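Morning, everyone. Please put the model up on the screen, and I will walk through it.

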Amino acid sequence: MTNRELFLRDAHICMYCGAHPRDNKLTRDHVTPMSRGGRDRWSNVVTACRSCNTRKGNRTPEEAKMPLLAVPYVPNWAEYLALSNRKILADQMEFLKTQLSGRKMPFHTQ
């Protein structure tokens, strides 16, 4: 998982405050900090603005009193393919759309 894929999954929105900052102001936040046993996995990472990531620090969202706006999830294979590819042909996208779980995904087609 790259930051690009993570930010796409989360629609470039901070999962703590709902802000939609520029990409250079977005960070990867570990819901359970890695120093406290958290893993660098889809189910433990969210997009966060730099301000929220700094404010949360080495705490869980509950400890920081910063509830998540959405629960992190592992994309299915079709979602992952769409997140990881920059250009998907229209006919390929039509097939992928039939395989998606119903979550809104920011796709780029060619």
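Start at Asn44. A polar atom of the Asn44 side chain lies 2.9 Å from the backbone oxygen of Arg39. That is a polar contact: a pair of N or O atoms within 3.5 Å, where, within protein, one must be able to donate a hydrogen and the other to accept it, and residues adjacent in sequence count only if both atoms are side-chain atoms.

A word on provenance. This is a predicted model, where local features need pLDDT of at least 70 and side-chain atom pairs count only at pLDDT 80 or more, while totals for chains, interfaces and linings use all residues. Residues are numbered from 1 along each chain as its sequence is written, and side-chain values use heavy atoms, with hydrogens and water left out.

Back to Asn44. It is in the loop between strand 1 (26-30) and strand 2 (45-49). Helices (H or I, at least four residues) and strands (E, at least two) are DSSP runs, numbered from the N terminus. Is Asn44 buried or exposed? Buried, because its relative accessibility is 10%. The cut-offs: buried is under 20% relative accessible area, exposed is over 50%, partly exposed is in between, with a 1.4 Å probe and protein chains only. Contact means heavy atoms within 4.5 Å. Leaving out residues up to four places away in sequence, Asn44 touches Asp29, His30, Val31, Thr32, Gly38 and Arg39.

Now the wider layout. The protein chain has 5 helices and 2 strands. Along the sequence the pattern reads α-β-β-α-α-α-α. Of its 110 residues, 40% count as buried. Take the contacts with a separation of 6 or more: 55% are between residues 24 or more positions apart.

Next, the strands. Strand 1 and strand 2 pair in the antiparallel sense, over 5 bridges. Pairing needs at least two DSSP bridges between two strands. For example, Asp29 has Val46 in strand 2 as its bridge partner. How many residues of strand 2 are buried? It is 5 of the 5, so strand 2 is largely enclosed by the rest of the structure. Val45, Thr47 and Cys49 point one way, Val46 and Ala48 the other, and all are buried. In a regular strand, side chains alternate between the two faces of the sheet.

Arg28 sits in strand 1. Arg28 counts as buried because its relative accessible area is 19%. Its side chain makes polar contacts with the side chains of Asn3, at 2.8 Å, and Asp40, at 2.9 Å.

On to the cores. A nonpolar core is a set of buried Ala, Val, Leu, Ile, Met, Phe, Trp, Tyr and Cys residues joined through side-chain atoms within 4.5 Å. The largest has 10 residues, among them Cys14, Tyr16, Val46, Cys52 and Met66. Strand 2 gives the most to this core, 3 residues. A second, separate core has 5 residues, including Phe7, Leu26, Trp42 and Val45.

Finally, Cys14. It lies in the loop between helix 1 (3-9) and strand 1. Cys14 is buried, because its relative accessible area is 0%. Beyond neighbours within four places in sequence, Cys14 contacts Ala19, Thr47, Ala48, Cys49, Cys52 and Leu69.
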